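Dear colleague,

Please find below the structure that I am handing over to you. My findings follow directly after it, and I would ask you to read them with the structure open.

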Amino acid sequence: MTDLRRTLESASDAGGAAEMPATPQPSLHVSPAPHLSNTSLTTQRMMLDVLIGLAPVVGMAVYVFGWYAVQQVGLATLACLAAEAAFVKWRGRTITLNDLSAGVTGVILGLSIPWSAPWYVPVLGGVFAIGLGKVVFGGLGQNIFNPAMVGRAFVMLAFPAALGASAFIAPDSAILSQATPLTLAKQEAVSTALWPMFLGTVNGSLGETSVLASLIGGLYLVIRRTASWEIPVSVLGAVAVCAGIGQLLAGPDYALTLGHHLFGGALVFGAFFIATDPCSSPLTPKGKAIFGAGVGVLIYILRTFSGYPEGLMFAILLMNACAPLINRWTVPTPLGGPVPAKK
């Protein structure tokens with residue numbers, strides 16, 4: 001106060017030539033709740049958890065398909081990393097490959113294609129996964145669709161022969177070569193034994209053969225709280241309910257049984273590693289349950305009534321589009337009750 005008084009007196013003596021100093025203003029930082037955070041829960045740590053969870057799935061794929069699995073996963077991962085660096089550099093942003101998100105996209109994409117796919121399938125899939133599935137929306141955290149499934153959808157539509165049912169059959173190959181269990185059940189009414197499907201000694205895309213490996217990795221993600229348990233539980237629960245009702249209505253001779261729905265295809269792999277993507281799934285617990293149930297119902301519908309033996313990819317992409325609406329439907333009630341309506 002003494003310094004301020006002296007300044008004012010000096011200004012008065014100078015005939016008002018000096019201006020009165022500005023009053024200091026408080027610095028307010030406003031941000032939405034919640035205001036409590038765990039500084040150890042970084043993007044890099046979450047993505048590292050996903051890579052660790054994927055390790056059993058990758059290991060089983062290498063055990064069953066050998067070098068082909070290494071080639072497909074490796075090419076898809078390298079393509080995603082290169083595309084991420086190129087697109088981000090093109091936009092004039094800092095390259096952030098160390099957050100591991102591009103690597104996770106590449107591994108999941110590589111595990112979602114057949115062992116016999118030509119080299120350009122994982123490469124182009126990786127480029128379009130990053131370009132159309134992530135960068136075009138503004139980058140990590142702003143994409144509304146799962147990038148790996150965007151890349152998978154592109155190559156499936158562009159190269160149907162390389163990813164269709166015939167891609168899993170190569171009579172002259174030493175690798176496991178036969179129709180997938182879901183294709184046999186749907187097109188030829190032949191039921192595959194459930195135990196090999198659980199272990200992973202059947203044909204299919206690299207990451208969808210072993211339910212056991214997917215469960216081990218998926219439970220790790222849930223325990224680490226990297227994946228929300230509501231989504232895989234509701235996905236598997238919805239498929240179980242729909243498939244159980246369908247089997248009761250179809251009778252005992254129906255080849256596509258409840259067990260084949262649960263153990264066949266990419267259901268368990270997708271429920272834990274793809275549907276739980278935090279960027280493209282709802283935020284609230286209720287919204288996650290609705291989202292997972294929608295994915296499960298759509299998987300059953302596509303498997304049963306469409307021409308595709310597997311419906312996970314389309315089911316997840318369709319529900320990704322619904323995630324913003326689900327978030328609006330499931331806004332939680334604030335502490336103290338709902339906001340009073342304006343009169």
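Helix α6 is mostly covered, as 9 of its 12 residues are buried. Please bear in mind throughout that this is a predicted model. The buried residues of α6 are Pro-147, Ala-148, Met-149, Val-150, Gly-151, Arg-152, Ala-153, Val-155 and Met-156. What covers these buried residues includes α4 (101–111), α5 (120–133), α7 (160–163) and α15 (312–329).

The length of α6 can be checked by simple reasoning. The helix runs over residues 147–158, and at 1.5 Å a residue its 12 residues should span 16 Å. The C-alpha atoms at its ends are 17 Å apart, which agrees with that expectation. At the N-terminal end, α6 is capped by Asn-146, which has a side-chain oxygen 3.1 Å from the backbone nitrogen of Ala-148.

Which residues is Gly-151 in contact with, leaving aside its neighbours within four places in sequence? They are Leu-109, Gly-125, Phe-128 and Ala-129. Phe-128 is 23 residues from Gly-151 along the chain, yet the C-alpha atoms of the two are separated by 5.2 Å.

A search of the whole structure finds 1 cavity of 30 Å³ or more. The largest cavity has a volume of about 280 Å³. It is lined by 21 residues, and those closest to its centre are Met-47, Val-104, Asn-146, Asp-277 and Pro-278. Asn-146 is also the residue that caps α6. Helices α2, α4 and α6 each supply at least two residues of this lining, and the largest share, 4 residues, comes from α4. By class, the lining of the largest cavity has 13 nonpolar, 6 polar and 2 charged residues.

The second largest pocket has a volume of about 560 Å³. Its lining is made of 38 residues, of which Arg-152, Leu-163, Ser-205, Glu-208 and Glu-310 lie nearest its centre. Arg-152 is one of the buried residues of α6. Helices α6, α7, α8 (181–187) and α15 each supply at least two residues of the lining of this pocket. By class, that lining has 21 nonpolar, 14 polar and 3 charged residues.

Ser-205, from the lining of the second largest pocket, lies in the loop between α9 (194–199) and α10 (211–223). Is Ser-205 buried or exposed? Ser-205 is buried, with a relative accessible area of 2%. Its side chain reaches the backbone oxygen of Ser-112 at 3.3 Å. Ser-205 and Ala-266 are 61 residues apart in sequence, but their C-alpha atoms are 8.0 Å apart in space.

Asp-49 is another residue that I examined. It has its place in helix α2 (residues 43–65) and is buried, with a relative accessible area of 2%. A polar contact of 2.8 Å joins the side chain of Asp-49 to that of Thr-226. Not counting residues up to four places away in sequence, Asp-49 touches Tyr-220, Leu-221, Arg-224 and Thr-226.

Most residues other than glycine have a negative phi. Leu-100, in the loop between α3 (67–90) and α4, has a positive phi near 70°. Arg-225, in the loop between α10 and α11 (230–250), has a positive phi of about 65° although it is not a glycine. Leu-100 counts as partly exposed at 24% relative accessibility, whereas Arg-225 is exposed, with a relative accessible area of 72%.

Finally, some figures describe the protein chain as a whole. There are 15 helices and 0 strands in the chain. Of its 343 residues, 45% count as buried. Among contacts between residues at least 6 apart in sequence, 75% join residues at least 24 apart.

Yours sincerely

Definitions and conventions
Residues are numbered from 1 along each chain as its sequence is written. This is a predicted model: local features need pLDDT of at least 70, side-chain atom pairs count only at pLDDT 80 or more; totals for chains, interfaces and linings use all residues. Side-chain values use heavy atoms; hydrogens and water are left out. Buried means under 20% relative accessible area, exposed over 50%, partly exposed in between (1.4 Å probe, protein chains only). A polar contact is a pair of N or O atoms within 3.5 Å; within protein, one must be able to donate a hydrogen and the other to accept it, and residues adjacent in sequence count only if both atoms are side-chain atoms. Contact means heavy atoms within 4.5 Å. The expected span of a helix is 1.5 Å times one less than its number of residues. On a 1 Å grid over the protein atoms alone, a cavity is a set of points where a 1.4 Å probe fits but cannot get out, and a pocket is an open set with protein on both sides within 12 Å along at least five of seven lines; lining residues have an atom within 4 Å of a point. Grid points are joined across faces, edges and corners, and a volume is the space filled by probe spheres set on the points. Ala, Val, Leu, Ile, Met, Phe, Trp, Tyr, Cys and Pro count as nonpolar, Asp, Glu, Lys and Arg as charged, and the others, Gly among them, as polar.
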